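Trainee: I would like to learn how to read a structure feature by feature. Could you take me through one?

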Amino acid sequence: MTPDEFTKIVSPTVLSNKSFNKIFCIGFNKTGTTTLEQVLRLYGYRMPDQQEQEARLTRQVFSTDYTELKSYCSGFDAFQDMPFSQGQAYVAADALFPNSKFILTERSSDAWFASMYNFHKKLYNIEDMSALTEEDIRTKFNYLYPGYIHATMKMMLSDFQGERKEILWNKLYDKEYYVNLYENRNREIKRYFAEAEDKLLVIDISKETDTGKLCAFLNIPPHMKVPMPHSNKT
């Protein structure tokens, strides 16, 4: 049976069993989010084009403007990657779309950093990441539109000394800094949903042999579980 044939068979049941609003995949990039998207599409959930979503929502959401987020997300069932994979967009999504489900994909901190680091080296064809500067990010990292990567990196590297904001460009791809950011965000997500555990699934996709945990969380009949694919490995 092809994936399309499987989707055609199971999606009517999956969508009729949908007792929640939206699905937001809120794990950091390089934690199995591409695999998760593949699985959700396989079960028939409507998801937007990732690049269109990023281009239309990320800058606005990171500047706390949620107007486009509310209208854009109304037309789909599930979402992954930016702006939901960084920052606290999950808080706005929870407020704007009550009774939604949230999936936090995570993996070991070392594995996450290595995957992210190697992916960016390959993507931007830069061998020595330690020598990168803000100007490199501004001029060499081209994705979606001019300034997109610079803006997202700037958010990740923002720190505050009292009332003064400082952008820590000297921490670009600094493992300790990135790991702390990654671990703190995961911890804050779990704390946020501590009294609403039915709304959050924490999962390490790399350790799952099948989609059973996702099926249980999303009220998909257990006989519809399939082997877990593993996409976009780095």
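This is a predicted model: local features need pLDDT of at least 70, side-chain atom pairs count only at pLDDT 80 or more; totals for chains, interfaces and linings use all residues.

Trainee: Where does Leu-144 lie, and what is its phi?

Mentor: Most residues other than glycine have a negative phi. Leu-144 is not a glycine, yet its phi is positive, about 70°. Leu-144 sits in the loop between helix 7 (134-140) and helix 8 (148-156).

Trainee: What is the phi of Asp-81, and is Asp-81 buried or exposed?

Mentor: Asp-81 has a phi near 70°, again a positive value in a residue other than glycine. Asp-81 counts as buried, because its relative accessibility is 7% and the cut-off for buried is under 20%. The loop that holds Asp-81 runs between strand 2 and helix 5.

Trainee: Which peptide bond is cis, and where is the proline?

Mentor: Most peptide bonds are trans. Here a cis bond joins Met-82 and Pro-83, with omega at about 5°. Pro-83 belongs to the loop between strand 2 (78-79) and helix 5 (89-96), and Asp-81 lies in the loop between those two elements as well.

Trainee: How many helices and strands are there, and how does the chain's radius of gyration compare with the globule rule?

Mentor: The chain has ten helices and six strands. Its radius of gyration is 18 Å, close to the 17 Å that the globule rule gives for 234 residues, so the chain is as compact as a globular protein of that length. Along the principal axes, the C-alpha atoms fill a box of roughly 50 × 35 × 30 Å.

Trainee: What do the contacts, the burial and the surface look like for the chain?

Mentor: Take contacts between residues at least 6 apart in sequence: 71% of them join residues at least 24 apart. Of the 234 residues, 46% are buried. The chain exposes about 11900 Å², and carbon and sulfur atoms supply 50% of that area. As for charge, there are 29 positive and 31 negative side chains, and the centres of the two sets lie 2 Å apart.

Trainee: Which residues of helix 2 are buried, and what covers them?

Mentor: An α-helix has 3.6 residues a turn, so residues three or four places apart point the same way. In helix 2 (residues 33-42), the buried residues are Thr-33, Thr-35, Leu-36, Glu-37, Val-39 and Leu-40. Their cover includes strand 1 (23-25), helix 3 (50-62), strand 2, strand 3 (101-105) and helix 10 (212-217). Just after helix 2 comes Gly-44, with a positive phi of about 100°.

Trainee: Which residues does Thr-211 touch, and where is Thr-211 found?

Mentor: Thr-211 is in the loop between strand 6 (200-203) and helix 10. Leaving out residues up to four places away in sequence, Thr-211 touches Val-39, Tyr-43, Lys-225, Val-226, Pro-227 and Met-228. Val-39 is one of the buried residues of helix 2. Thr-211 itself is buried, with a relative accessible area of 0%.

Trainee: Is Leu-172 buried or exposed, and what does Leu-172 touch?

Mentor: Leu-172 is buried, at a relative accessible area of 7%, and is found in the loop between strand 5 (164-167) and helix 9 (175-192). Beyond residues up to four places away in sequence, its contacts are Leu-132, Thr-133, Glu-134, Ile-137, Met-153, Leu-157 and Tyr-178. Lys-154 is 18 residues from Leu-172 along the chain, and the C-alpha atoms of the two are separated by 9.9 Å.

Terms used. Residues are numbered from 1 along each chain as its sequence is written. Side-chain values use heavy atoms; hydrogens and water are left out. Helices (H or I, at least four residues) and strands (E, at least two) are DSSP runs, numbered from the N terminus. The radius of gyration is taken over C-alpha atoms; the globule rule is 2.2 Å times the number of residues to the power 0.38. Buried means under 20% relative accessible area, exposed over 50%, partly exposed in between (1.4 Å probe, protein chains only). Contact means heavy atoms within 4.5 Å. Accessible areas come from the Shrake-Rupley method with a 1.4 Å probe; for residues, only the protein chains shown count as cover. Lys and Arg count as positive and Asp and Glu as negative; His and the chain ends are not counted. The place of a charge is taken as NZ of Lys, CZ of Arg, CG of Asp or CD of Glu.
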